[in-house]
Amino acid sequence: MTAIHISADVFNKYHTNGKLRLSTGYVQETLEKQGYPGHDGIVQILKGKEDLGELLGQPFTYRIRICDGIFQYNTLVSADLDDQIKREAEHLVEGAIIAITNLQTFPQGGGVKTAFLITGYKLLSRYHQTLSSPEVKPRSHSGNPEEHLGYRPNIVVEDVWPEAESHASEFQENLSNPPAAKAPKRESGGEPSNYRAPAPEPQRARAAAPPARRGPSNTERGVIPIAMVTPYVNPVKIHGMVTRKEDMRTVPSKNTKVFNFEVTDSTGDTIRCCAFNDVAESFFSTITENLSYYITGGQVRAANKRFNNTGHDYEITLRNDTIIEAGGELLAAPKLNLKRVPLGEIAGHCGDMIDILAIVEKMDPEATEFTSRAGKTLIKREMELIDESQASAKLTLWGEEATKANLDEYLQKVVAFKGVIPKEFNGGYSLSTGGGTRIISVPEIVGVAELYDWYTNTKPSVDFKMVSQTTGTSEAPRTIAALQEMQFGKDSDKGDYVSVKAMVTRINPANALYKGCATDNCQKKVIESDGEYRCEKCNKSMNKFKWLYMIQFELSDETGQVYVTAFGDSAGKVVGKSAAEVGDLKENNPDMYNAVFEQLQFVPKMWRLRCKMETYNEETRQRVTVYGVDDVNQDKYIENLKQLIEQMENISDDGN
């Protein structure tokens, strides 16, 4: 078997930091351009075989299946390359990597995929395992460019280049020890393709270090990952990119100036920084979005999750002694960290800031201006979102976001909404943007390709319901006896939602809280041992924990009683305090702790419940979980009772 020889020119043209990096999204780009997209594409061969034939008058001699790290596609190799194919056929098999230097496309119509005919390629490497990213599993492209229009992933799929090992070693050595006289210059060689940075680029970045990083300041010393920021780390020092900068605003009631921005480090963790009054004015002009900074000092406080959607438990309040220094460039743009809530579950997060990943099925062509009841002029624009939960929900854009939204950028595309707020009105649920909302069309995150696939193949046969119908808050309240006798939840895997007017008649404060894992998004109960708290789910021990709710209590109305369970935010709404506050009382003031739960009893409330049948030890029982609680709206409740009376009278008349 003949060896593959890689010259210095070929190495300089196709390497990225000494490695072979696949041209992710190359198949989609080729389909959009209906031909060679203007630059070479590095792809991996999944299968290859000799296959003589002709396509629309174009003879071919070989057939290969390629993968760009995101999409797979069957291609043909032109008979014009027959001599090259004969020399390299032994290499053009599974695991080889080639650079496509020219190709043609042939739309065939009639539901048949557009054909690719490679008319030029360069063999680069062989014997690689199938390459992919942990974020996205490669899948076959349908050949329809409209399905992923504009999709340009920034996902890295790469491997070492054994055939160019000597060139790669020399590159790494020069990168670590750049000759002073040659650092600003670029070595001659093959022209770099226009979709990756040329090899000498890191040398220029090293030579042009920002002034804030020179001298004895040693800014990198003491930096901690953003995920590790807590009040117990003092002073706090982080390094990250400003991924969101909000406008300076004034709170009229307090005459206070407020400036917020978000910082994301290279691991994708994000934290919010806040500044007030003089400190806000001082830092507002310093901070620039998409640049990185070292931030030293500040007060770490618990994040208000109703207004903070970073996913971090804490945020940093900047002070007069806080130091912000230019941080230079991060190695890569931070990834979007989306904690997705399916549309079918937004009813359980009413009033909280949540993240959504969905298809924009419909969108108002233009923004609408109107006058509110308070006399303010407002601008809004509505979208209709759908996802795999077979639910649809309205989302409202406000103000500048509504005006600047581009119909072509969002319509029938996968869009991420970070920091939207579910709201309930007349029994229906909708979503609304706020000052901290981020909207990203076709984000480069896990789940996008799968959602596209669902939209293409499954969605046409799905019967969608608005969230108000799937959650069922528009119906009249039920009685406890009714939900038990009618066995609510028996016909639904996800359970049935009902509203009940009832009061707490029995509750045991002793078991209302438990010590949970301090890791974000983990709800596992920890095991205490020798002053440490071990989480079996995360497989680690920590020196701290967080209080979490799991309250079981009895609800009663005129017809019966039922035991229910409340977790997390829903339990917090029942109690009116956070789990951390109540946990502090449990440890330091037992009498006040018990009083918190005693005052919950014998007060009529409107409860939002989910009923679900669960089987344990071959016994099926109805499990009831609290999803929300509100004060009783007497006018609405009386109106519902009148409707029930009318329905009962109609049943009586029919019976006679």
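Two strands are said to pair if DSSP finds at least two bridges between them. The legends below describe close-up views of a predicted model.

**Figure 1. Overview of the protein chain.** The predicted model contains 15 helices and 34 strands in its protein chain. Of the 656 residues in the chain, 46% are buried. Among the contacts with a separation of 6 or more, 66% are made by residues 24 or more positions apart.

Figure 2. Three bridges connect S28 with strand S29, which spans residues 532–535, and the two run antiparallel.

**Figure 3. The buried side of helix H6.** Helix H6 comprises residues 277–284, and its buried residues are Val-279, Ala-280 and Phe-283. Because these residues cover an arc of only 100° around the axis, they lie on the same side of H6. An α-helix has 3.6 residues a turn, so residues three or four places apart point the same way. The cover over the buried residues of H6 includes strand S12 (256–264), strand S13 (270–276) and strand S17 (323–326).

**Figure 4. An aromatic cluster with a lysine over one ring.** Phe-259, Phe-261 and Phe-284 together form one aromatic cluster. Over the face of Phe-284 lies Lys-245, at 4.2 Å from the ring centre.

Figure 5. A pair of aromatic rings is described by the distance of the centres and the angle of the planes. Rings whose centres lie within 6.5 Å are counted as a pair, and by this rule the count comes to eight aromatic pairs. In the pair shown, the ring centres of Phe-545 and Trp-547 are 5.2 Å apart and the planes stand at 85°, so the pair is edge-to-face. Trp-547 counts as buried because its relative accessibility is 14%, and the cut-off for buried is under 20%. Phe-545 also has a lysine over its face: Lys-515 lies at 4.9 Å from the ring centre.

**Figure 6. The aromatic pair of Phe-553 and Trp-607.** The rings of Phe-553 and Trp-607 form a tilted pair, with 5.6 Å centre to centre and 50° between the planes. Phe-553 belongs to strand S31 (residues 546–557) and Trp-607 to strand S33 (residues 605–616), so the pair ties together parts that are 54 residues apart in sequence. Phe-553 is buried, at 1% relative accessibility. Trp-607 is likewise buried, with a relative accessible area of 3%.

Figure 7. Thr-565 is located in strand S32, which spans residues 560–567. With a relative accessible area of 8%, Thr-565 is buried. Leaving aside residues up to four places away in sequence, Thr-565 touches Met-550, Ile-551, Gln-552, Val-624, Thr-625 and Val-626.

How values were computed: Residues numbered from 1 in each chain as written. Predicted model: local features only at pLDDT ≥ 70, side-chain atom pairs only at ≥ 80, totals over all residues. Heavy atoms only, no water. Helix = DSSP H or I, 4+ residues; strand = E, 2+ residues; numbered from the N terminus. Buried < 20%, exposed > 50% of the residue type's maximum accessible area, 1.4 Å probe, protein only. Arc of directions from axis to C-beta. Contact = heavy atoms within 4.5 Å. Phe/Tyr/Trp six-rings, centres within 6.5 Å; stacked < 30°, edge-to-face > 60°. Lys NZ or Arg CZ within 6 Å of the ring centre and 35° of its normal.
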